[in-house]
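Here are my notes after a pass through this one. Have the structure open while you read, and take the points in order.

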Amino acid sequence: MRRRNRWLKTLFWGSVLGVFLALVLVFSGVAVGALEQREGRPVPQPVPFSHAFHAGGLGLSCRYCHSAVEYAPYAGLPPTETCMTCHLYVKPDSPNLALVRESWEKGELLRWNRVVNLPDFVYFHHAPHVAKGVGCAECHGRVDQMPVVYQPKAFTMKFCLDCHRNPAPRLRPREQVFNMAYVPDPELGRELLQLYHVRPPEELTSCNTCHR
Amino acid sequence: MGWPAFIPVTFEITILTITVGIFLYLLYLNGLPLAAHPAVLAPRYREALVDRPALFVYATDPRFDPEATRDLLRALGAEVEEVRRA
Amino acid sequence: MPERHPDHDLIQGEWTERSLVEKLLEPVEKPPPRPWKVVAAVGFVLTLAWLYAIFVTFTKGLGTWGINQPVLWGFDIVHFVWWIGIGHAGTLISAILVLMRQNWRDSLNRITEAMTLFAVLCAATYPLIHMGRAQHFYWILPYPTHMALWPQYKSPLSWDVLAIFTYLTISTLFLYLGLIPDLALLRERSQGWRKKLYGWLSLGWTGSALHWRRYRAAYVLLAGLATPVVISVHSVVSMDFAYGVVPGWHLTLFPPFFAAGAIYSGFAMALTLLIPLRKWYRLEGVITERHLDWMGKVTLASGLGVAYTYLLEIFIAWYSAEPAEWAQQLWRMTGPYAPYYWAMMLINVVLLQTLWFPRFRRNVAWLFVFSILANVGMWLERFVIVVISLSHDFLPGNFHLYSPTWVDWTLFLGTLGFFLFGLAVLIRLFPPSPWRRCCTSTTSLGSTREAPCCTGTWPTLTRRRSF
């Protein structure tokens with residue numbers, strides 16, 4: 001009898017405690033993002049292209065390949081021609097480039113695998129971000145150190161809003177946008193906020209800024 | 001200054017937590033839930049639940065004396081039964 | 001020597017505590033009467049139809065409903081408000097009448113609390129399916145997310161969520177707390193799966209005098225806390241409307257208006273249920289004609305509050321000199337929906353006055369007919385407020401009539417069925433009137449004196465032990 005009572009009481013008060021802890025877990029916010037698993041997985045590509053070598057080692061600008069980033073919503077992937085401007089002369093016979101040469105000869109596009117894919121209900125435009133001094137590395141991370149590119153952060157709504165609510169600490173001078181190693185300075189950021197006419201947080205966090 | 005708009009939710013949550021708290025505290029004070037209790041084994045427990053007075057004297061009481069208790073209760077005109085824990 | 005039941009002045013006939021217990025446990029322990037089977041069967045079939053209508057809503061979307069610009073709150077919100085209102089009688093009887101020491105509530109509180117529970121459950125389904133994407137309903141809860149967004153706490157719609165959730169929890173706790181002693185007795189009296197069920201649910205209640213004392217204290221505390229909730233819930237529901245600018249909604253009068261209407265419709269529904277119930281289960285001695293008379297008086301009092309507001313609404317629309325408000329009032333009285341408006345006025349203003357007269361109020365047949373009419377009248381009231389107001393807002397180019405589809409109707413009839421089926425099952429499992437009377441309501445607030453029937457009658461466990 002005692003054992004059954006003890007067992008029942010443990011079960012009852014244990015589940016009361018369990019429900020309470022579950023509520024704390026959910027409402028305290030400590031578990032936010034715990035289920036996000038979109039970070040850090042390198043996306044395999046058909047051609048073993050290393051950003052670490054081209055952008056980091058050789059120091060090519062991002063814009064050399066992603067040429068539309070200053071003007072268009074989508075930064076763009078380079079056509080085969082862009083690769084071949086160099087690779088007609090540099091390592092023209094490398095087996096790693098076999099697919100690129102095949103594409104060049106047949107005139108067919110290379111099919112790269114997409115690393116970042118925002119949902120369709122989100123409107124994102126690269127140009128204003130570049131123009132207002134948001135560095136590539138703010139979202140894409142140190143691509144110049146990634147042999148195979150991956151998405152370094154979960155692009156949740158919170159991620160976007162954190163910056164839209166308080167952009168100043170993440171701004172940099174326009175000429176530093178493509179500098180992967182630049183460390184933003186909050187003091188300077190506040191000045192840039194004025195200088196670049198960044199809109200106030202009320203406007204940046206309006207629903208239709210991103211959901212149009 | 002929008003604070004009055006936050007009152008209804010604050011109020012409802014206050015009531016909700018207090019109510020659930022009172023209910024759980026009642027159970028805690030009464031030592032519930034129980035899976036079994038020796039009183040239930042008393043022969044006329046069912047009547048005691050409804051309209052019969054009944055007095056349970058526990059053997060775990062440090063001053064428990066079965067004989068004296070039995071005599072006292074008998075003398076007062078009660079039926080005395082011994083209930084053993086199953 | 002059998003003693004008279006301590007509640008003898010409230011019940012009819014010669015009862016001892018024990019004979020009353022036998023009587024009150026009959027619905028649970030004896031095979032159900034034929035009407036029970038009919039009600040349960042009809043309720044079950046309608047519940048299945050309801051599930052089908054919900055299925056259609058989920059798979060095909062809200063386009064299957066009759067809602068369209070500008071009437072985007074149609075039957076779903078009409079019925080949400082209607083059901084929530086019905087729920088109010090239970091909490092009123094459990095809570096407010098306890099505080100006012102109206103002992104006659106003891107015969108009625110179980111069935112009305114059960115009514116509250118199922119009415120609020122029915123009500124709660126409407127906003128859920130009205131969302132369209134019901135699987136995301138938890139987005140309205142204020143929990144931190146990766147979206148970094150919070151529900152708009154300044155909106156009555158988000159107050160509603162918490163008000164109804166609180167209300168549902170409190171009504172359930174009330175019903176359950178009241179049931180615990182019944183369950184303990186049933187546990188001792190039943191066999192098989194029922195014994196197991198009652199055993200688990202009674203939480204090992206022993207009937208100890210000490211436990212009873214704390215129990216009564218907790219009961220009164222819960223009553224004190226539930227009382228403001230009863231008032232607040234329908235006030236919050238009314239603000240869903242009053243915060244909007246739609247003509248016919250934008251009135252500061254709404255919270256008391258809705259609270260009165262809720263109590264009125266709740267008592268009407270309680271009468272609709274209690275009158276057949278006492279007949280089928282031969283409970284006339286427990287739910288006496290005096291009880292019905294008292295309920296009729298509460299119905300009258302709250303109904304007068306509603307009637308007063310109807311008249312005041314007309315006055316305000318005229319006195320405000322706001323063209324849209326006045327146009328709305330005329331639209332109600334003379335527009336295509338005028339029959340609904342006048343039927344509502346006939347029931348809730350004119351026919352209500354019959355309850356002033358004991359001749360009508362003590363006539364059970366009329367009381368039953370009137371209670372059904374009052375349910376209809378309150379349904380019409382919600383229809384007038386929700387649908388008619390929306391169909392005639394500011395821009396004439398926007399005016400549009402509303403017509404419900406078969407899905408709307410099935411959802412309504414379905415909740416009615418679920419309500420009846422749920423109550424039927426509940427009555428079969430738990431006694432519709434608590435056998436342990438007076439101990440809950442005669443607790444002396446702020447005094448150590450106990451009700452006479454509660455001293456000495458209980459098996460005493462002298463010390464708190466852990467068994």
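Predicted model: local features only at pLDDT ≥ 70, side-chain atom pairs only at ≥ 80, totals over all residues.

1. Let's begin with A against B. The contact draws on nine residues from chain A and 15 residues from chain B. Putting chain A and chain B together buries about 1100 Å², with carbon and sulfur atoms giving 71% of that area.

2. Now C against B. Here 49 residues of chain C touch 44 residues of chain B. The buried area between chain C and chain B comes to about 4600 Å², and carbon and sulfur atoms account for 72% of it. How many salt bridges does the rule find across the interface of chain C and chain B? The count is zero.

3. Within chain C, have a look at two helices, α5 (residues 156-189) and α6 (residues 192-201). Their axes come within 8 Å and cross at roughly 140 degrees. Angles over 145 would count as roughly antiparallel, so α5(C) and α6(C) are classed as oblique to each other. The crossing of α5(C) and α6(C) is left-handed.

4. Which residues make that helix contact? On the α5(C) side they are Y176(C), L183(C), L186(C), R187(C) and E188(C). These meet K195(C), Y198(C), G199(C) and L201(C) from α6(C). Sorted by class, the contact of α5(C) with α6(C) has five nonpolar, one polar and three charged residues.

5. Where does L203(C) sit? You'll find L203(C) in the loop between α6 and α7 (209-242) of chain C.

6. Chain C also has a cis peptide bond to look at. The bond joins Q69(C) and P70(C), with omega at about -5 degrees. P70(C) belongs to the loop between α2 (34-60) and α3 (75-99) of chain C.

7. Chain B has a cis peptide bond too, running from L32(B) to P33(B), and its omega is near -5 degrees. P33(B) is in the loop between α1 (7-29) and α2 (45-50) of chain B.

Key
Residues numbered from 1 in each chain as written. Chains lettered and ligands numbered in written order. Heavy atoms only, no water. Axes fitted to C-alpha atoms, helices over the stretch in contact; angles between N-to-C directions. Helix = DSSP H or I, 4+ residues; strand = E, 2+ residues; numbered from the N terminus. Parallel < 35°, antiparallel > 145°, perpendicular 65-115°, else oblique. Left-handed = near helix turned anticlockwise from the far one by under 90°. Contact = heavy atoms within 4.5 Å. Nonpolar A, V, L, I, M, F, W, Y, C, P; charged D, E, K, R; others polar. Buried area = accessible area lost by both parts, 1.4 Å probe. Salt bridge = Lys/Arg side-chain N within 4 Å of Asp/Glu carboxyl O.
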